[in-house]
Amino acid sequence: MCYESECCGGSSRYRRFALGFWFGLAILATTAAAVVLVVASARVSRLSVAVDDASLTRFTATATSVAYNLTVALVVRNPNWAMGVTYRSLEASYLFSGKRFDSVTVVQPGYTQAARKTAVFRLTSGSDAAQASLGSAGVQEYKKESAAAGVFDVEVDLSGEVKYKLHRASCRLEAKCPLKLQLATPDASSVVFQKVTCDVLRSSQSGC
Ligand SMILES: *[C@@H]1O[C@H](CO)[C@@H](O)[C@H](O)[C@H]1NC(C)=O
């Protein structure tokens with residue numbers, strides 16, 4: 001009698017322990033998953049930006065203007081694994097000798113890029129006389145670079161505002177892409193462009 005009840009008592013005690021153990025483990029796992037999700041959605045990884053391809057088919061500069069034709073393939077990657085990003089605005093400015101000579105709109109407001117996705121924006125622009133206050137320093141630089149096999153230093157500066165999913169505030173997006181562009185003349189054969197990784201500026205806004 002005594003022996004049997006001890007046995008039963010022991011078995012039910014074990015069952016209760018096992019139940020408690022698995023229940024506790026389930027709670028722990030759920031909590032861990034919730035924490036990971038909260039951390040993942042709270043911490044923003046900055047977008048990464050690169051220029052995969054670019055071609056310059058015309059480039060002449062005076063003290064006050066630039067005549068040019070330029071195409072740029074801009075690659076923006078969203079490294080966040082759980083957060084889409086919506087663009088409020090994104091503009092690319094083109095600079096020569098530190099002076100802006102043109103700017104183009106990269107995306108329309110409201111464009112959304114899903115988590116872990118890479119977007120390619122192909123920008124084509126040109127002008128017979130884009131206004132730029134290059135001055136004599138810019139003209140000097142133009143002459144120097146024209147003489148140096150026609151490889152021009154053109155900087156692409158990105159400026160915009162993006163909003164990460166689940167975040168209330170939007171974040172400034174600023175990036176600088178210094179390009180070395182070989183002027184493609186009709187008689188020259190294919191010009192190879194080396195991919196450039198852009199410098200994405202760290203935002204001082206909290207949560208960005
Ligand atoms: C520059 O672009 C214009 C039109 O956008 C075109 O008519 C012209 O031929 C182009 N010039 C060169 C050198 O590619």
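Start by selecting Ser125, which is buried at a relative accessible area of 14% (buried means under 20% relative accessible area, with a 1.4 Å probe and protein chains only). The model is predicted, so local features need pLDDT of at least 70 and side-chain atom pairs count only at pLDDT 80 or more, while totals for chains, interfaces and linings use all residues. Residues are numbered from 1 along each chain as its sequence is written, and side-chain values use heavy atoms, with hydrogens and water left out.

Ser125 sits in strand β6, residues 118–131 (strands are DSSP runs of E, at least two residues, numbered from the N terminus).

**The ligand**

Next, select the ligand together with Thr57, Arg58 and Asn69, which surround it (near means that a heavy atom of the residue lies within 4 Å). Draw two distances here. A polar side-chain atom of Asn69 is 2.2 Å from a ligand oxygen, and an N or O atom in the side chain of Thr57 is 3.1 Å from an oxygen of the ligand. On its own the ligand has 360 Å² of accessible area, of which the protein covers 30% (Shrake-Rupley method, 1.4 Å probe).

**The largest pocket**

Move on to Ala54, Gln182, Val191, Val192 and Phe193, the closest to the centre among the 13 residues lining the largest pocket. This pocket holds about 180 Å³ of space (an open set of points on a 1 Å grid over the protein atoms alone, with protein on both sides within 12 Å along at least five of seven lines; lining residues have an atom within 4 Å of a point). Colour β1 (48–61), which gives the most to the lining, with four residues. By type, the lining has eight nonpolar, three polar and two charged residues.

**The largest cavity**

Finish with Arg46, Tyr164, Cys171, Arg172 and Leu173, the closest to the centre of the largest cavity. About 80 Å³ of space lies inside (a cavity is a set of points where a 1.4 Å probe fits but cannot get out). Which strand supplies the largest share of its lining? Select β8: four residues of the lining come from that strand.

Definitions and conventions:
A polar contact is a pair of N or O atoms within 3.5 Å; within protein, one must be able to donate a hydrogen and the other to accept it, and residues adjacent in sequence count only if both atoms are side-chain atoms. Grid points are joined across faces, edges and corners, and a volume is the space filled by probe spheres set on the points. Ala, Val, Leu, Ile, Met, Phe, Trp, Tyr, Cys and Pro count as nonpolar, Asp, Glu, Lys and Arg as charged, and the others, Gly among them, as polar. Buried means under 20% relative accessible area, exposed over 50%, partly exposed in between (1.4 Å probe, protein chains only).
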